[in-house]
Structure formats: structure tokens, C-alpha cells
Amino acid sequence: MKKLTILTLILLLSSVGGKSMAAEFADGPVIFGYGKHAPVQQDMKLEKGAILKVVFDVSQAGKDGALNRGFDSVARFLNMHVANGVPAKDIHLAIVVHGSASNEMLNAKAYQAKYGKENPNHELISKLMNNNVKLVLCGQSAAFNNITNQDMIEGVDMALSAMTAHAIFAAQGYSQNPF
């Protein structure tokens, strides 16, 4: 009975006047259709004028050929920080792609030839690059997957390796996002 009482209390507290108090996630204000985020009460805040330089590591392909959550996380990072007052010009983001995610860097023609369908990540990757997100493909993973520079989405850069790309970004003052 005690468990039922706690569950009932939780259900009552999560609803006020029939309306859920659960956070409402929304996309934008920079990349629409991706990167949903919710408003939160913040105790730890960025200082005004902070410059964010963050590199993300994406090594796993999207499940079953779906949108890669790693790319969507970068859209979320950009959207939520701009929505919370950080100017987009002060946010410098990069994505280092390797492993099974490498094939998601294939342009429309190469992806279609390899998988017989459209690349589900192409639109988001283009939106990220249009918002100054740098995308770098690991050359070693590209070689393993028989990907040439001509096979890649226009604007994606090739590095000697993912390790090299991370070293370069670290030297440029980027922190690595652990997610």
C-alpha cells in the first residue's frame, strides 16, 4: 500500500489542473526540426561573454539506418545555448566522425550506391555545417570503409585520423564533450 501511495503522490504532483508539468521540449531557435531541448531552472550558469569551443566524437552509426543521435546532440547543444542567451557567434562546435558512423558522411550519390536509399543524416549535417559546425572524418576509418574525399558530403574535411583531429582541436582550445 505504501508504494501505491507514493506512486499516487508522484502522479498527482506531475499533473496540475489536468496539465502535465513535464518539461516541454522544442527545437530551434537555430536548427529547426532537430536538437530538441527543454527549459530548466539553472543553478550552474555560464558567465556572460563566455566563448564555447566544443568538439563532439561520433563513432556509432544511427540505429537501423536512422538519424544519428550524436549529430542531433550537437544540434541540441547549439539550440539550447542560443535559447538561453549565448550568442551563436560565441559557440564554436566540431564533430569528429569515425568508426561505423563514417558511412554517414557519404554524399547522396555514394550513400545511394552503397545502401540503396537516402542518407537520413544528410539534411541535419548540412544544417549543422550551415551554422558553422565543423565536420571532420577520420581518414583511417574512411580508408577502412573505402570512402574517398569525392564520396563525402561537401564541406566535410578529412583528417589523418580521429586521434589527429582531436589533437588539433585540443590545441585550438576545444574541450571534448563526453556525450
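**Figure 1. The surroundings of Glu104 in the predicted model.** Glu104 touches Gln60, Ala61, Gly62, Ala66, Asn68, Phe71, Asn119, Asn121, Ile125 and Ile153 when residues up to four places away in sequence are not counted, a contact being a case of heavy atoms within 4.5 Å. This is a predicted model, in which local features need pLDDT of at least 70 and side-chain atom pairs count only at pLDDT 80 or more, whereas totals for chains, interfaces and linings use all residues. Residues are numbered from 1 along each chain as its sequence is written, and side-chain values use heavy atoms, with hydrogens and water left out. Glu104 is found in the loop between strand E4 (91-97) and H3; helices (H or I, at least four residues) and strands (E, at least two) are DSSP runs that are numbered from the N terminus. Glu104 is buried yet has no salt bridge, and the nearest side chain of opposite charge, that of Lys117, is 9.2 Å away. Here buried means under 20% relative accessible area, exposed means over 50%, and partly exposed lies in between, with a 1.4 Å probe and protein chains only. A salt bridge would need a side-chain nitrogen of Lys or Arg within 4 Å of a carboxyl oxygen of Asp or Glu, and for charge Lys and Arg count as positive and Asp and Glu as negative, while His and the chain ends are not counted. The side chain of Glu104 does make a polar contact with the side chain of Asn68, at 2.6 Å. A polar contact is a pair of N or O atoms within 3.5 Å; within protein, one must be able to donate a hydrogen and the other to accept it, and residues adjacent in sequence count only if both atoms are side-chain atoms.

**Figure 2. Asn103 and its side-chain partners.** Asn103 is found in the loop between E4 and H3, and at 8% relative accessibility Asn103 counts as buried. Leaving aside neighbours within four places in sequence, Asn103 is in contact with Tyr111, Lys114, Tyr115, Asn119, Asn145 and Ile147. The side chain of Asn103 makes polar contacts with the side chain of Lys114 at 2.9 Å and with the side chain of Tyr115 at 3.2 Å. Asn103 and Asn119 are 16 residues apart along the chain, and their C-alpha atoms are separated by 9.2 Å.

Figure 3. At the start of helix H3 (residues 108-115), a side-chain oxygen of Asn107 reaches to within 3.2 Å of the backbone nitrogen of Lys109. Tyr111 and Tyr115 both lie in helix H3, 4 residues apart, which is about one turn of the helix. An α-helix has 3.6 residues a turn, so residues three or four places apart point the same way. Tyr111 counts as buried at 5% relative accessibility, whereas Tyr115, at 38%, counts as partly exposed. Just after H3, Gly116 takes a positive phi of about 70 degrees.

**Figure 4. Aromatic pairs in the chain.** Rings of Phe, Tyr and Trp (its six-membered ring) pair if their centres lie within 6.5 Å, and planes under 30 degrees apart count as stacked, over 60 as edge-to-face and the rest as tilted; by this rule the count comes to 3 aromatic pairs. The rings of Phe56 and Phe77 have their centres 5.6 Å apart and their planes at 75 degrees, so this pair is edge-to-face. Phe56 lies in strand E3 (residues 52-58) and Phe77 in helix H2 (residues 69-83), so the pair ties together parts that are 21 residues apart in sequence. Both Phe56 and Phe77 are buried. Tyr111 and Tyr115 form a tilted pair, with 4.6 Å centre to centre and 40 degrees between the planes.

Figure 5. Most residues other than glycine have a negative phi, and most peptide bonds are trans. A cis peptide bond joins Gly28 and Pro29, with omega about 15 degrees, and Pro29 lies in the loop between strand E2 (19-20) and E3. Asn132, in the loop between H4 and strand E5 (134-138), has a positive phi near 65 degrees and is exposed, with a relative accessible area of 63%. Asn146, in the loop between helix H5 (139-144) and strand E6 (157-159), has a positive phi near 55 degrees and counts as exposed at 65% relative accessibility.
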